[in-house]
Amino acid sequence: MLFVLGVVLFALGIAVSIALHEAGHMWTAQKLGMKVRRYYIGFGPRVFSFRRGETEYGLKAIPAGGFCDIAGMTALDELEPDEHDRAMYKQKTWKRLVVMSGGIAMNFLLGIVLIYGLAVTGGLPNTDNRAVVGALDCAAPTQAGPPDYKPAECSGTGPAQQAGIEVGDVVVAVDGTPVETFRDLVTETQALAGTADFTVERGDETLTFPVAIQQVQRWVYESTAPEAEPVSREVGAIGVGGEPTVLEYTPMSAVPATFEFTGFLAVRTAEALVSLPSKVADLWTAVTGGERSIDTPVSVVGASVIGGQFAERGIWESFVLLLAQLNFFLGAFNLLPLLPLDGGHMAVAIYERIRNWSRNMRGLPVGAPVDYMKLLPLTYVAVVIGGAFMVLTLTADIVNPIQLF
């Protein structure tokens, strides 16, 4: 039941995201004096509609998108007598750019609002993957077995603290071997015995501490295979803990944290966009019966299924985070300078402005609006490739959906 609820709620979240995207175009166009003929959510047969002022608002049967019909988006549009002076393609460049970026801005804004809400309620994931010392304690000599694997009680200071390592230090090398993550630190330490040098960064300083490794009993995985089980082994330990995986914030401290985390997601989103073409082979493998990797692209259906999986296990923080990531991806994807995306229309407006500036510098009149008919071949190519990719992704989500758990 929770799975179905999660799927429905996530699909509703996507619908709201698309509705706000189109509303961003509509509101900016109306504020800048352009005429918005229609604003619809969904496609296909009309469910209902109403008119307010000069705009018709409505809902269609297939909730898989939406559209905002602005008079004169291109010079190819047929215009009514009252629309000629208000046609979008006749407006100043800055106005056209504001309108076309209005939808993108709404996606980014919604993503930021979701992240801020997550920060003040449940906290945000710790994105610092370095081997940062988050806690110092004694190195428990033994560890209980399944199911909780709880370390035994111990007291006093551990080897790391005795050697002079402090909370906040970033371990960069263990016994001469560079480490990048806290997992690397644990792995290298567990393989040691005796005394070893630990190199840390503390502020602007790089310090080295000889630490006496303590031998303890721990449950460890000796294989990365999915079916592997932990086994009890004697390993090295120094009594350090990592930073928490989730960082909590107050309403005030959540503001800078939200923008910092948004920057982190922006980098991940850019990387995802760049890697899209390379994922075609992985999607085809998934469709033809191969293993489906969790980093392959997903359609609206696939994203909703993942949202349902999070909801089924009560991981609502990941549910919200996934919806925020989706909004950032939608916004970034629409920035691509390809028609019929928003970025394609923005590229045309910028080109016309640069061309007219160049003509004015040479004493020539402004040029005619870009002939979209000449751009149709490129538009068709983008639509066909994009449509094929969407069909492939949707097929993979139906026949071989991503299973996180």
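## Close-up views of a predicted model

**View 1. Helices H2 and H8.** In this predicted model, the axes of H2 and H8 come within 8 Å and cross at roughly 160°. That angle makes H2 roughly antiparallel to H8, since angles over 145 degrees count as roughly antiparallel. The crossing in which H2 passes H8 is left-handed. On the H2 side, the residues that meet H8 are Ile 104, Asn 107, Phe 108, Leu 110, Gly 111, Ile 112, Leu 114, Ile 115 and Leu 118. On the H8 side, they are Glu 317, Val 320, Leu 321, Leu 323, Ala 324, Asn 327, Phe 328, Leu 330, Gly 331, Ala 332 and Asn 334. Sorted by class, the contact of H2 with H8 has 14 nonpolar, five polar and one charged residues.

**View 2. Helices H7 and H8.** H8, which spans residues 316-334, also has an axis that comes within 8 Å of the axis of H7, and these two axes cross at roughly 160°. H7 and H8 are therefore roughly antiparallel to each other. H7 passes H8 in a crossing that is left-handed. H7 makes the contact through Ala 303, Ile 306, Gly 307, Phe 310 and Ala 311, and H8 through Trp 316, Ser 318, Phe 319 and Leu 322. Seven nonpolar and two polar residues make up the contact of H7 with H8, with no charged residues.

**View 3. Helices H1 and H7.** The axis of H1 (residues 2-31) and that of H7 (residues 300-312) come within 7 Å, crossing at roughly 135°. That makes H1 oblique to H7. The crossing of H1 past H7 is right-handed. From H1, the contact takes Leu 2, Phe 3, Gly 6, Val 7, Phe 10, Ala 11 and Ile 14. From H7, it takes Val 300, Ala 303, Ser 304, Val 305, Gly 307, Gly 308, Gln 309, Ala 311 and Glu 312. The contact of H1 with H7 comprises 10 nonpolar, five polar and one charged residues.

**View 4. The largest cavity.** Two cavities of 30 Å³ or more are present in the structure. The largest has a volume of about 50 Å³. Its lining consists of Met 73, Met 88, Arg 96, Leu 97, Met 100, His 345, Met 346, Ala 349 and Tyr 372. Helix H2 (93-121) and helix H9 (342-361) each supply at least two residues of this lining. By class, the lining of the largest cavity divides into seven nonpolar residues, one polar and one charged.

**View 5. The second largest cavity.** The volume of the second largest cavity is about 30 Å³. Met 73, Thr 74, Ala 75, Tyr 89, Arg 96, Val 348, Glu 352, Pro 369, Val 370 and Tyr 372 line this cavity. Met 73, Arg 96 and Tyr 372 are also among the residues that line the largest cavity. The lining of the second largest cavity has seven nonpolar, one polar and two charged residues.

**View 6. The second largest pocket.** The second largest pocket holds about 740 Å³ of space. It is lined by 28 residues, of which Arg 183, Val 186, Gln 190, Arg 218 and Val 240 are the closest to its centre. Two or more lining residues come from each of helix H4 (182-190), strand E9 (214-220), strand E10 (231-237) and strand E11 (240-242). H4 gives the largest share of the lining, seven residues. The pocket lining divides into 18 nonpolar, seven polar and three charged residues.

**View 7. Backbone of the loop between E4 and H3.** Most residues other than glycine have a negative phi, and most peptide bonds are trans. Pro 146 and Pro 147 are joined by a cis peptide bond, with omega about 10°. Pro 147 is placed in the loop between strand E4 (133-136) and helix H3 (159-163). Tyr 149 also lies in the loop between E4 and H3. Although Tyr 149 is not a glycine, its phi is positive, at about 55°.

View 8. A cis peptide bond runs from Leu 339 to Pro 340, and its omega is near 10°. Pro 340 is located in the loop between H8 and H9.

Methods:
Residues numbered from 1 in each chain as written. Predicted model: local features only at pLDDT ≥ 70, side-chain atom pairs only at ≥ 80, totals over all residues. Heavy atoms only, no water. Axes fitted to C-alpha atoms, helices over the stretch in contact; angles between N-to-C directions. Helix = DSSP H or I, 4+ residues; strand = E, 2+ residues; numbered from the N terminus. Parallel < 35°, antiparallel > 145°, perpendicular 65-115°, else oblique. Left-handed = near helix turned anticlockwise from the far one by under 90°. Contact = heavy atoms within 4.5 Å. Nonpolar A, V, L, I, M, F, W, Y, C, P; charged D, E, K, R; others polar. 1 Å grid on protein atoms, 1.4 Å probe; cavity = no way out; pocket = protein on both sides within 12 Å on 5 of 7 lines; lining within 4 Å. Points joined across faces, edges and corners; volume = space filled by probe spheres on them.
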